[in-house]
Amino acid sequence: ALEREHTRARIRQLAFYDGLTGLPNRSLLQANADQAMAAAARNDEQLAVLFIDLDRFKQVNDSFGHPGGDELLRVVARRLQEQTGPMDIVGRLSGDEFVMVLAACDAQSAAERAERILRRLSLPLQLDDVQIRPSASVGISMFPHDGHDTETLLHHADMAMYQAKHSGRNLARFYSCEMDQSAQERLALENALREALALGQLQ
């Protein structure tokens, strides 16, 4: 019976937790975020979704190999866990992408928390004999203003994160509907250019 219990716990660990960092994976993160949003809706509270993407992670992998990249991800996971309150959620989506869900959090608090997270992440870290200072770009979306479900809020926070990257990295940006509009316009332009190329109209 003990062995069965151990096997069940191991299966659960593999199914719902990231093997490298021990954080909830995408499946568990989504389930926990759904519950947090349902609770926020019941209590008429706001909630913030932070999409966190490490800056220049590929360069770390190229310079220090995968063991160096893995160590950086583990350190980032620990530092993010240190910044979570008892009702908050943190998880790893994939690669160098992390998500935090901040419960009972308005926009001002989200901005302040994001700044604290960026400062914490940028503390020096020793890889081999080299000291590096990691940094990240953070996109923030707010429930219920920017969406009523996890998928929408993640998508909007992801868009805001790209805005932070384009604005110079090591920054946090809030989602705005203008981002959606400019993304649609960019897509339309790319499609029009592709079509014009295919029809030989750009020769």
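The structure holds 1 cavity of 30 Å³ or more; on a 1 Å grid over the protein atoms alone, a cavity is a set of points where a 1.4 Å probe fits but cannot get out. This is a predicted model, in which local features need pLDDT of at least 70, side-chain atom pairs count only at pLDDT 80 or more, and totals for chains, interfaces and linings use all residues. Residues are numbered from 1 along each chain as its sequence is written, and side-chain values use heavy atoms, with hydrogens and water left out.

Let's look inside. The largest cavity has a volume of about 40 Å³, the volume being the space filled by probe spheres set on the points, which are joined across faces, edges and corners. By class, the lining has 8 nonpolar, 1 polar and no charged residues, where Ala, Val, Leu, Ile, Met, Phe, Trp, Tyr, Cys and Pro count as nonpolar, Asp, Glu, Lys and Arg as charged, and the others, Gly among them, as polar.

Strands pair if DSSP finds at least two bridges between them; strand 1 (residues 47-54) and strand 3 do so in the antiparallel sense over 6 bridges. Alanine 48 stands opposite leucine 102 in strand 3.

Terms used:
1 Å grid on protein atoms, 1.4 Å probe; cavity = no way out; pocket = protein on both sides within 12 Å on 5 of 7 lines; lining within 4 Å. Helix = DSSP H or I, 4+ residues; strand = E, 2+ residues; numbered from the N terminus.
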